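Please keep the sequence and the structure in view while reading.

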Amino acid sequence: MKFDFNMRKFKYGSASTVYIALFVAIIIVVNIFAQFLTDRFSLKLDLTTTGEFSLSEDTREMLSGIEDEIKIYILSTQAGMEKNEQATRTLEMIQRYNTHSGGKVKYDFIDPNKNPQFFEKYPKARNSQARALVIEGPERYTVVESAEFAYTYGENNTNKVYYQSEEKLSSAILYVSSPEVSNAGFVTGHNEADVKALETIFKGNNFDTRDVDLLSGVPAEVNNLVIAAPTADFTAEEISALESFLSIDGNNLYVFWGMQTPTLPVLERYLAEWGFKFPAYLVCDESNAYMTPAFPVGETVKNDLIDDAAQGQLMPIFPRTRPIELIFTEKSYMRTVPLLQTQKSSYAKLLSNDKPIEVLTRESGDTSGPFTVAAIGERALGNTGNEGIARVCVFGTEGFADEEVAGIARAYNNTFLSQLVTYSNPDTLTMAIKPKVVSSYDLNITESGAKVLRIVLIGVIPLIIIAIGIFVFIRRKNR
């Protein structure tokens with residue numbers, strides 16, 4: 001048989017084959033080159049809408065200023081990291097740190113089973129979880145547990161994963177490379193409540209934390225003190241310790257009142273000197289609340305201290321809060337500034353042992369809002385007021401810093417507390433980087449709907465594809 005190489009079909013078919021082969025070859029070369037760049041320089045494009053794998057401007061600026069080597073030890077094998085989706089994201093983030101730091105941030109894999117002697121040098125990592133990070137700098141080292149990389153929150157059929165790798169890594173690098181570290185103390189001895197959200201923020205910014213007994217004095221290195229909903233009064237000696245603490249530039253006291261906090265004459269007199277009272281009322285709001293009127297949603301008060309731009313659509317939630325009365329706005333070298341308040345629709349119910357609150361809805365006799373529920377007092381130190389500033393930050397409820405409340409997806413609580421800690425510690429390098437949020441949605445369908453969907457996906461769509469293929473084949477054959 002003799003082939004006619006000038007036949008139209010053969011000519012165009014040959015050209016198509018050449019073009020396809022050329023295109024495939026180009027794709028292969030581009031992929032090989034791209035893989036080389038990825039392996040050598042960690043140059044990967046982040047095409048996610050939320051920038052899950054991108055570094056923030058603050059982190060890039062911090063990395064560009066690194067002078068000493070930072071070493072990240074990953075307590076896992078590379079294969080072990082790549083088998084876990086969350087760990088893979090963290091590894092990708094670490095590789096970007098290496099790239100943007102010009103190689104100053106290095107990383108290595110440590111298999112704890114094969115290298116038990118590793119823990120002789122890093123004992124704090126001995127009981128760490130799998131895939132934890134040990135981050136070492138010129139000043140010290142710290143451990144970031146793998147559970148801190150992300151957390152999941154579900155609400156209204158929506159599951160959101162909050163990836164915190166960047167915040168944890170950047171904060172840890174600041175901690176291990178900073179010559180000085182801030183300290184936070186939690187006052188004990190008065191049946192105080194837990195304010196885990198604030199404690200987490202301190203630890204997240206690598207503050208050293210400890211319990212403090214005021215009768216033993218406040219350690220000199222502690223520059224942040226927390227009093228959380230005490231139920232027993234303070235002694236004159238403890239108030240003297242607080243006054244000595246707040247006579248030092250840069251020291252801060254955080255006070256959380258509570259619904260169960262009884263009358264505490266000694267402590268209340270001292271806080272009144274700073275300009276604060278906590279009237280015996282419960283603030284409620286039927287129109288602007290989370291789940292119940294006893295969880296009113298607040299709003300920021302314009303001030304010159306904390307930027308409210310970060311609030312966005314987030315809401316400050318105040319569970320079972322007292323109102324805060326500002327006794328004065330300015331006095332000598334002191335001033336008070338409201339930070340958060342409830343909405344105009346809020347109202348306050350009198351707290352009385354003789355007449356317990358029976359309903360949370362508005363009644364005649366309730367006091368109308370809005371009410372201040374978070375505020376700050378500042379005192380200029382020294383005879384001339386030029387020897388520094390001490391601060392007292394007050395909240396109407398310890399519930400504002402409750403871990404479960406602050407963890408609500410739309411809550412502004414964590415962000416606000418981070419801003420407050422950053423403002424109150426201007427000489428401490430802190431990182432307040434928002435988590436990268438990835439949402440997934442539950443598909444809720446009935447059993448019959450699931451059967452229909454299964455038939456469509458498994459039967460109908462494949463049949464349609466086969467029919468289209470047969471149709472195209474027959475048409476080409478009959479040409």
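Helix α8 (residues 236-245) and helix α9 (residues 265-273) have axes that come within 10 Å and cross at roughly 25°. Helices here are DSSP runs of H or I with at least four residues, strands are runs of E with at least two, and both are numbered from the N terminus. Axes are lines fitted to C-alpha atoms, for helices over the stretch in contact, with angles from 0 to 180 degrees between N-to-C directions. Because angles under 35 degrees count as roughly parallel, over 145 as roughly antiparallel, 65 to 115 as roughly perpendicular and the rest as oblique, α8 and α9 are roughly parallel to each other.

The model is predicted: local features need pLDDT of at least 70 and side-chain atom pairs count only at pLDDT 80 or more, while totals for chains, interfaces and linings use all residues. Residues are numbered from 1 along each chain as its sequence is written, and side-chain values use heavy atoms, with hydrogens and water left out.

A second pair is formed by helix α2 (residues 57-64) and helix α6 (residues 165-177), which pack at an angle of about 30° with their axes 11 Å apart, and α2 and α6 are therefore also roughly parallel to each other. The residues that make each contact (heavy atoms within 4.5 Å) are set out below.

| α8 and α9 | Ile239, Leu242 and Glu243 of α8 | Val266, Leu267 and Tyr270 of α9 |

Turning to a loop, Serine 346 lies between β16 (334-342) and β17 (347-350). Is Serine 346 buried or exposed? Serine 346 is buried, with a relative accessible area of 0%, where buried means under 20%, exposed over 50% and partly exposed in between, for a 1.4 Å probe and protein chains only. Residues up to four places away in sequence aside, Serine 346 touches Val283, Cys284, Asp285, Arg362, Thr367, Ser368, Gly369, Pro370 and Phe371.

As to confidence, the chain averages a pLDDT (the predictor's confidence in each residue, from 0 to 100) of 82, and 81% of the residues score at least 70. Over residues 34-43, however, the pLDDT is below 50, and this stretch has eight contacts in the model beyond near neighbours in sequence. Residues 45-51 also have a pLDDT below 50, with 10 contacts in the model beyond near neighbours in sequence.
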